[in-house]
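Open the model in your viewer and keep the selection tool ready. Each stop below tells you what to pick and what to look for.

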Amino acid sequence: MIGELYDAGTGWLFETLLQPALYALGLMDWADEAFHWMDFFLFGCVQVAVVVAVCRPLEMWRPVERGPAGRLVGTDVAYTLLARLGLLPMLGFVLFVAVGARIEGWIAETGFVPPTLETFLPWLRDWPLAALLLYVAILDLGEYWRHRLQHMLPWWWALHSIHHAQTRMTFWTDDRNHILDDVIGAAWFAVIAVLIGVPPGQFPVILLVLRLAESLSHANVRLDFGRVGERLVVSPRFHRLHHGVLSAGREGRNYAVLLPVWDWAFGTADFDRRAYPRTGDPGAPAAYVTGGWVRQQVEGFREVWRALRR
Ligand SMILES: [Zn+2]
Ligand SMILES: [Zn+2]
């Protein structure tokens with residue numbers, strides 16, 4: 001239902017705005033690409049709108065930190081708009097299609113069909129909701145291990161430290177990542193999604209749910225989900241502890257993105273500390289803390305290079 005409305009909306013926008021513009025500029029050969037880009041741009045707008053609508057009232061309700069933090073938060077807003085309205089959606093889509101095409105080409109050549117979840121669990125075909133939840137859980141497990149590696153490998157921590165360097169964390173901080181880190185993350189996610197056989201139609205829904213949970217977990221709000229809830233879904237308290245000054249690099253705790261069960265299973269959970277710690281990475285270069293987007297990106301490449309030579 002919502003999907004149909006959305007498709008009708010993008011179709012209308014394309015025909016009334018983009019198509020005439022392409023025609024006037026003699027760029028009709030690019031119509032398909034332009035449509036895809038517009039589609040993902042609008043999907044990004046929906047994502048940001050949903051996230052702001054959910055998180056902003058919460059941050060006004062019970063903030064952990066008060067007072068002006070203008071420039072520090074402004075950098076994270078820039079990260080979010082860049083990541084969600086242009087760069088990342090394009091990248092994610094291109095990678096998902098590219099990985100899919102590679103695997104299809106390989107199937108055509110060898111005749112071997114790689115098994116997906118539905119090969120092992122044929123009943124999933126009749127239970128689309130159960131299938132969706134299972135896909136989310138597996139992708140979330142993938143994210144848990146990517147996140148742990150980001151903290152364990154020195155070159156990867158050199159990049160991920162940008163995410164941790166923010167001393168005024170808000171829901172905008174979710175997208176505060178080095179561009180190289182974004183590329184690796186998108187590829188990681190796309191490969192797992194294709195391997196387990198996520199239907200392309202479900203891909204955006206899964207992305208939307210995970211992204212909303214991620215943004216919410218960064219929100220500047222005193223909020224936990226109670227004794228049981230804390231163990232079921234990642235809360236702002238749970239992830240704030242991950243951003244605490246004592247959780248940098250290899251000292252990391254609470255890595256999960258959506259389901260804390262992974263931290264519990266692999267022995268990295270901290271459910272006990274109730275306090276809301278100061279956030280930041282004490283070892284981060286100054287540019288990671290106070291620099292704008294460009295400075296952090298440049299400094300990020302330098303730091304990776306240094307980490308690799310050590
Ligand atoms: Zn981290
Ligand atoms: Zn985070």
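One term comes first: a residue is buried when its relative accessible area is under 20%, exposed when that area is over 50%, and partly exposed in between, using a 1.4 Å probe and protein chains only. This is a predicted model, in which local features need pLDDT of at least 70 and side-chain atom pairs count only at pLDDT 80 or more, while totals for chains, interfaces and linings use all residues. Residues are numbered from 1 along each chain as its sequence is written, chains are lettered from A and ligands numbered from 1 in the order in which they are written, and side-chain values use heavy atoms, with hydrogens and water left out.

**Stop 1: colour by confidence**

Colour the protein by pLDDT, the predictor's confidence in each residue, from 0 to 100. The mean for the protein is 86, and 95% of its residues reach 70 or more. Where is confidence lowest, and where is it highest? It is lowest in helix H3 (residues 70-110), at a mean of 76, and highest in H6, at 96. Helix labels here are DSSP runs (H or I, at least four residues; strands are E, at least two), numbered from the N terminus.

**Stop 2: the zinc ion (ligand 1)**

Select the zinc ion (ligand 1). Which residues coordinate it? They are His147, His151, His160, His164 and His242, each through NE2, at 2.1 to 2.2 Å. Donors are N, O and S atoms within 2.8 Å of the metal (3.2 Å for Na, K and Ca); water is not among the atoms, so sites may look incomplete. Along the chain, the donor residues are spaced H-x3-H-x8-H-x3-H-x77-H.

Now pick His147 and His151. They sit four residues apart in helix H5 (residues 128-152), so about one helical turn separates them. Are they buried or exposed? His147 is buried, with a relative accessible area of 7%. His151 is buried as well, at 2% relative accessibility.

**Stop 3: the zinc ion (ligand 2)**

Move to the zinc ion (ligand 2), which is 5.7 Å from the zinc ion (ligand 1). Its donors are the NE2 atoms of His163, His218, His239 and His243, at 2.1 Å. Their spacing along the chain is H-x54-H-x20-H-x3-H.

**Stop 4: helix H10**

Select residues 236-243. Eight of the eight residues of helix H10 are buried, so the helix is largely enclosed by the rest of the structure. Among them are His239, His242 and His243. What covers H10? The cover includes H5, helix H6 (154-164), helix H8 (203-218), helix H9 (226-232) and helix H11 (261-265).

Step into the loop between H10 and H11 and find Asn254. Its phi is near 55°, a positive value in a residue other than glycine. Asn254 is buried, with a relative accessible area of 0%.

**Stop 5: the nonpolar cores**

Show Tyr135, Leu139, Phe189, Ile196, Val198, Ile206 and Leu210. Of the 17 residues in the largest nonpolar core, these touch the most other members. H5, helix H7 (179-196) and H8 each give two or more residues to this core. The largest share, five residues, comes from H5. Apart from this core lies another, of 13 residues, among them Val51, Ala69, Phe171 and Leu216. A nonpolar core is a set of buried Ala, Val, Leu, Ile, Met, Phe, Trp, Tyr and Cys residues joined through side-chain atoms within 4.5 Å.

Focus on Tyr135. Not counting residues up to four places away in sequence, Tyr135 touches residues including Leu117, Ile196, Val198 and Ile206. Contact means heavy atoms within 4.5 Å.

**Stop 6: helix H7**

Finish on H7. Its 18 residues should span 26 Å at 1.5 Å a residue, and its end C-alpha atoms are 26 Å apart, which agrees. The expected span is 1.5 Å times one less than the number of residues. Just after H7, Gly197 takes a positive phi of about 85°.
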